[in-house]
Amino acid sequence: MYLPSLLFGIGQGAIAPVIPLSARDLGGSVATAGLVVALLGVGKIVGDLPAGMLAIRLGERRAMLFALAVVLAALTACLLAPSVLVLAAAVVLIGISSSVFGLARHAYVTEAIPFELRGRALSTLGGMQRIGLFAGPFLGAAAMSRLGLDGAYWVHVVVAVAAAVVLLVVPEPPVTGRTAPEAGRPDSTARIIRRHLPVLRTLGVGALLVGAARASRQVAIPLWGEHLGLDPATVSLLFGVSGAMEMLIFYPAGYAMDRLGRRWIVVPSMLLLGLSLVLLPLTGGVGTYTALALLMGFGNGLGSGIIMTIGSDASPDVGRATFLGAWRLFADVGNGVGPVLVSVVTAVATLGAAIATAGAVAFVAAALMARWVPRNGAAS
């Protein structure tokens, strides 16, 4: 159940740092390169709602194979792109395929795993993605040492083909008690969203803020490191160490989710993340900067899989994949909003104020989740 996600994560991690470099190599400005990178998130947002209906119509396995076919076509376009415009279109397709792949795996694990093991299962799924994103850049760098920028894209091609082989060859375990397919045409996306609007406008907004706080961390650490005058290699190393901290605790976090309940994980996770963001602008040296980067990694890792788990708890038996597409849309919008928030506040105030604002968003997310996450972990 986890190997395809690990492989897909490795591919995504391999190409992530190379996309802006490819845009620059094709003659794009720094601003254009940043826009091309942002299109990856746009693709995820665009793909979230259609991904749910696709998973219902094709089934999770076929939906993932479809996503892998799309990403292979997009990677081919990246390798052959004659212009930034073609590269940008390919990046959008990569984002869409990532959304379809992630939604299909999320929906399958939700139905395949008993409720009492769901936290561990989904935190492990999130952990596999984190491991892939962590390892991918190293494999990409090794390939680029021989093939240039194209090497990173070839890493994604290879692991995408490997993931497809796993999905085609390895049988998935039977899902006992799985919801029977809906008779006739499934409900429309709009109808399912209207039916579950009370959950989406409460827990969904909380998920959006969680996503925004988490994404802010990804820009806060490198930007503040540069502000302190640290060299890029040191900043990159400490960012990687922070990511390694996340990987170390994803399974204990999932175990705690199942034993203590979702609220006792998501609230401390956001409080620790918010505290580290608020304190980061107060640091003036590499020691305190490193300590807070580790605290951010711990806080973020503590919440590994928590948004997927809460979404699974809230999902209905009928139209589950469609609901999860809408749920993931909230989180992905938050992921896109977080870095934009940091940029806007930095432009009108200071970088320190922007990072502290991101910390305040995490505190608000903690408050909303404390209010709306059910005590027993099940959604009402």
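**Close-up views of a predicted model**

**Figure 1. Buried face of helix α7.** The buried residues of helix α7 are Gly151, Ala152, Tyr153, Val155, His156, Val157, Val159, Ala160, Ala163, Ala164, Val166 and Leu167. The structure shown here and in the other views is a predicted model. The elements against which these buried residues pack are α1 (3-15), α2 (19-25), α4 (60-80), α5 (84-112) and α6 (118-147). Helix α7 covers residues 150-169, and its 20 residues should span 28 Å at 1.5 Å a residue. The C-alpha atoms at its ends are 29 Å apart, which agrees with that expectation.

Figure 2. A nonpolar patch on the surface is formed by Val161, Val165, Leu168, Val169 and Val170. Together these residues have about 460 Å² of accessible area. One of them, Leu168, lies in helix α7. Leu168 has a relative accessible area of 62% and is therefore exposed, the cut-off being over 50%.

**Figure 3. Helix α5 within the structure.** Helix α5 has 29 residues, and the distance from its first C-alpha to its last is 42 Å. This is close to the expected span, which is also 42 Å at 1.5 Å a residue. Of the 29 residues of α5, 22 are buried, so the helix is largely enclosed by the rest of the structure. Helix α5 is also one of the elements that the buried residues of α7 pack against.

**Figure 4. Salt bridges of Arg320.** Arg320 forms a salt bridge with Glu111, and their closest N and O atoms are 3.1 Å apart. Because Arg320 lies in helix α15 (residues 320-348) and Glu111 in helix α5, the pair ties together parts that are 209 residues apart in sequence. Both Arg320 and Glu111 are buried. Arg320 has a relative accessibility of 9% and so counts as buried, being under 20%. Asp317 also forms a salt bridge with Arg320, with the closest N and O atoms 3.0 Å apart.

Figure 5. A salt bridge joins Asp313 and Arg118, with 2.8 Å between the closest N and O atoms. The pair links distant parts of the chain, since Asp313 is in helix α14 (residues 306-314) and Arg118 is in helix α6, 195 residues apart. Asp313 and Arg118 are both buried. Salt bridges that share partners join Arg118, Arg120, Asp258, Arg262 and Asp313 into one network. A search of the whole structure finds eight salt bridges.

**Figure 6. Surroundings of Arg217.** Arg217 is placed in helix α9 (residues 197-227). Its relative accessibility is 3%, so Arg217 counts as buried. The side chain of Arg217 makes a polar contact of 3.2 Å with the side chain of Ser242. Leaving aside residues up to four places away in sequence, Arg217 touches Pro222, Phe239, Ser242, Gly243, Glu246, Leu273, Leu277, Met296, Gly297 and Asn300.

**Figure 7. Gly336 and Leu223.** Gly336 is found in helix α15. Gly336 and Leu223 are 113 residues apart along the chain, and their C-alpha atoms are separated by 17 Å.

Terms used
Residues numbered from 1 in each chain as written. Predicted model: local features only at pLDDT ≥ 70, side-chain atom pairs only at ≥ 80, totals over all residues. Heavy atoms only, no water. Helix = DSSP H or I, 4+ residues; strand = E, 2+ residues; numbered from the N terminus. Buried < 20%, exposed > 50% of the residue type's maximum accessible area, 1.4 Å probe, protein only. Polar contact = N/O pair within 3.5 Å; in protein donor to acceptor, adjacent residues only side chain to side chain. Contact = heavy atoms within 4.5 Å. Expected span 1.5 Å × (residues − 1). Patch = residues over 30% accessible without salt bridge, like charges linked within 9 Å, V, L, I, M, F, W, Y side chains within 5 Å. Areas by Shrake-Rupley, 256 points an atom, 1.4 Å probe, with all protein chains shown as cover. Salt bridge = Lys/Arg side-chain N within 4 Å of Asp/Glu carboxyl O.
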